[in-house]
Amino acid sequence: MPSLRIPVLTLWLYGIFCQGSAQELPLLIPLKQDTIIIKELLNQSFRLKYSSVDSSIQLLKKALYLSLNATYETGIVSSYLGLGICHIERKEYRQGKEYLDSAYMYCLTSPLQISTDAVAKVLNGKGMLYSYMGDYLAATRYYYRALQTLESGRSYDSTTKAILFVNLGGAYLQLQEYERALYYLNTIEWYTRNLSQKKELMYVYL
């Protein structure tokens, strides 16, 4: 059977970020200002991801540097996650895995500061890694873990759940497990009716 071209939702949901310039960043600034600048860098990296992945990576590295200096754990996880995905899409899987492993490590060591939604996004990133490498069975394991983690929280982002359902559906289509695939892809319709930020869902094709 010829390879299917399945839309798989890329995890590029770094959060809701502020607009603005990130030039000439000061190093010793209050934490509140740190977090604003970090969010600006993450937002700019998101915008540049498709036009200039190299520039996106540089911005993410700056965000990571500031986050580490400020001990801003959400920024650390988001930066590692973004770097992991950038390298995955460049087919630099070893580097991508290293960044995703670092993101997951911070999730485990700082459970009170990192939301279950953020942990689910990191696990989804790990699933994406295996999807890009063609190991769809391993990918489904991470997508399931991400879904369980997400649903274990008191509340969760419907957008993240929608991404996981589409990714599970796409992986099962590649595995030719069509009944499971249809379950997830049909279920997604209900969730997408309730999403307020559909523009944040971006498709790529394997």
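First, my cut-offs: I call a residue buried under 20% relative accessible area, exposed over 50% and partly exposed in between, using a 1.4 Å probe and protein chains only. This is a predicted model, so I note that local features need pLDDT of at least 70 and side-chain atom pairs count only at pLDDT 80 or more, while totals for chains, interfaces and linings use all residues. Residues are numbered from 1 along each chain as its sequence is written, and side-chain values use heavy atoms, with hydrogens and water left out.

**Entry: Leu-129.** I found Leu-129 in helix α5; helices are DSSP runs (H or I, at least four residues), numbered from the N terminus. At 3% relative accessibility, Leu-129 counts as buried. Leaving aside residues up to four places away in sequence, Leu-129 touches Ile-88, Tyr-93, Lys-97 and Leu-100, where contact means heavy atoms within 4.5 Å. I also checked Glu-92: C-alpha to C-alpha, Glu-92 and Leu-129 are 9.9 Å apart in space, and 37 residues apart in sequence.

**Entry: helix α4.** The 17 residues of α4 (residues 93-109) should span 24 Å at 1.5 Å a residue, and the end C-alpha atoms are 24 Å apart, which agrees; the expected span is 1.5 Å times one less than the number of residues. Then I listed the buried residues of α4: Gly-96, Tyr-99, Leu-100, Ala-103, Tyr-104, Tyr-106 and Cys-107. They cover an arc of only 155° around the axis, so they lie on the same side of α4; the arc is that of the directions from the helix axis to the C-beta atoms. Arg-94, Leu-108 and Thr-109 are exposed on the other side. What do the buried residues of α4 pack against? They pack against α2 (53-70), α3 (73-89), α5 (116-133) and α6 (136-152).

**Entry: core.** My nonpolar core is a set of buried Ala, Val, Leu, Ile, Met, Phe, Trp, Tyr and Cys residues joined through side-chain atoms within 4.5 Å. The largest one has 53 residues, of which Val-77, Tyr-80 and Tyr-143 touch the most other members. Val-77 touches Ala-103, Tyr-106, Cys-107, Ile-114 and Val-122, not counting residues up to four places away in sequence.

**Entry: cysteines.** Cys-86 counts as buried at 0% relative accessibility, and Cys-107 is buried with a relative accessible area of 5%. I found zero disulfides in the structure, taking a disulfide as a pair of cysteine sulfur atoms within 2.5 Å.

Key
Helix = DSSP H or I, 4+ residues; strand = E, 2+ residues; numbered from the N terminus.
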